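Dear colleague,

Please find below the structure for your review. My findings follow it.

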Amino acid sequence: GVPPNPGGWLATTATRKAIDRLRRESQRDAKHQEARLVYDDGPPEPTGPVEDDRLRLIFTCCHPALAVEARVALTLRLLGGLTVSEIARAFLVQETTMARRITRAKAKIKAAHIPYRVPSADDIRERLAGVLAVVYLVFNEGYLAGDGDDAVRVDLTDEAIRLGRLLRTLLPDHGEVVGLLALMLLTDARRPARVSRTGELVTLDEQDRGAWDRTLIAEGRALVRERIEAVAAGGDPPGRYQLQAAINMVHTEAPSARDTDWYTIVALYGRLMLLDPSPIVRLNRAVAVAEVDGPGVGLAEIDRLAEVLDGYHAFHA
């Protein structure tokens, strides 16, 4: 029927129709652009020097405004797929401590309005140390999983190696990039022999070396030799990843555990301690020292680490 106030009804209806039309018109260009994206086969817009989505996000998250440990922990949580407990174990701290550290990092990003923009070519080297640490810790968590029923998480180790290869393509002459990839390849080559048929971890001296992946070992050794030649030619001295890769190469070159060149390993750990005198490095060096000078000397080295590594299973083993 006819409304009580026909003029008012017409005015209200017209106003609403006009608003609806204005809203549609304001969205028309955006809707058309979205529709064109479905059929757009042109090249994508440039995303900077890092083309891989995940690697680009890792570079983006490793912002220099945060402390190195904070940015690594935050990136592992957001992009690495690791839980807070897994990250805490990697840093040898309590889970509550790590949770607070991640929370503070998030709060600083918000309070300081830190822009998480895609990194430019100039940002790459500034953020590289944090990115390498993220990739290495993802690999470590996969190689010795802390949670779950599987002793090894192949999804994490494979993803870390994939990212390492991308970094190698991005920075082919960077020593630590090459060293990290070599380290992961030489370590992952032992994976087929690391777990027994009953699901138990097999120690290095008891592993079937015939089951090691010789293709990965050959690739890893070639990378280490490449860095040795570069250093001999006057390049930068080796960093921590290159030294760890060299240590692993010594292990892979030994036909058996008793044939291992422990003198070289002790010397390499000595150089590594100058760069990274962490308790873990000192513990690993003590094992090598015990092989050279006897268990008494090795245990004396380990005793000095009792307080700081009491919660670390490998210390007691």
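In which helix does Thr 157 lie? In this predicted model, Thr 157 belongs to helix 7, which covers residues 154-170. Thr 157 counts as buried because its relative accessibility is 0%, under the 20% cut-off for buried residues. Leaving aside neighbours within four places in sequence, Thr 157 is in contact with Phe 139, Gly 142, Tyr 143, Asp 188 and Arg 191.

I turn next to the nonpolar cores. The largest nonpolar core has 73 residues, and Leu 76 and Leu 167 touch the most other members. Helix 6 (residues 121-143) gives the most to this core, namely 12 residues. Not counting residues up to four places away in sequence, Leu 167 touches Leu 55, Phe 59, Leu 128, Val 131, Leu 132, Val 135 and Val 177. A second, separate core consists of 6 residues, among them Leu 283, Ala 286, Ile 302 and Leu 309.

Finally, there is a helix pair to consider. The axes of helix 8 (residues 175-188) and helix 9 (residues 214-232) come within 8 Å and cross at roughly 155°. Angles over 145 degrees count as roughly antiparallel, and helix 8 and helix 9 are therefore roughly antiparallel to each other. Their crossing is left-handed. On the side of helix 8, the contact is made by residues including Val 178, Leu 181, Leu 185 and Asp 188; helix 9 contributes, among others, Leu 216, Gly 220, Leu 223 and Arg 227. By class, this contact has 9 nonpolar, 2 polar and 5 charged residues.

Yours sincerely

Notes
Residues are numbered from 1 along each chain as its sequence is written. This is a predicted model: local features need pLDDT of at least 70, side-chain atom pairs count only at pLDDT 80 or more; totals for chains, interfaces and linings use all residues. Side-chain values use heavy atoms; hydrogens and water are left out. Axes are lines fitted to C-alpha atoms, for helices over the stretch in contact, and angles run from 0 to 180 degrees between N-to-C directions. Helices (H or I, at least four residues) and strands (E, at least two) are DSSP runs, numbered from the N terminus. Angles under 35 degrees count as roughly parallel, over 145 as roughly antiparallel, 65 to 115 as roughly perpendicular and the rest as oblique. A crossing is left-handed if the near helix is turned anticlockwise from the far one by less than a right angle, and right-handed if clockwise. Contact means heavy atoms within 4.5 Å. Ala, Val, Leu, Ile, Met, Phe, Trp, Tyr, Cys and Pro count as nonpolar, Asp, Glu, Lys and Arg as charged, and the others, Gly among them, as polar. A nonpolar core is a set of buried Ala, Val, Leu, Ile, Met, Phe, Trp, Tyr and Cys residues joined through side-chain atoms within 4.5 Å. Buried means under 20% relative accessible area, exposed over 50%, partly exposed in between (1.4 Å probe, protein chains only).
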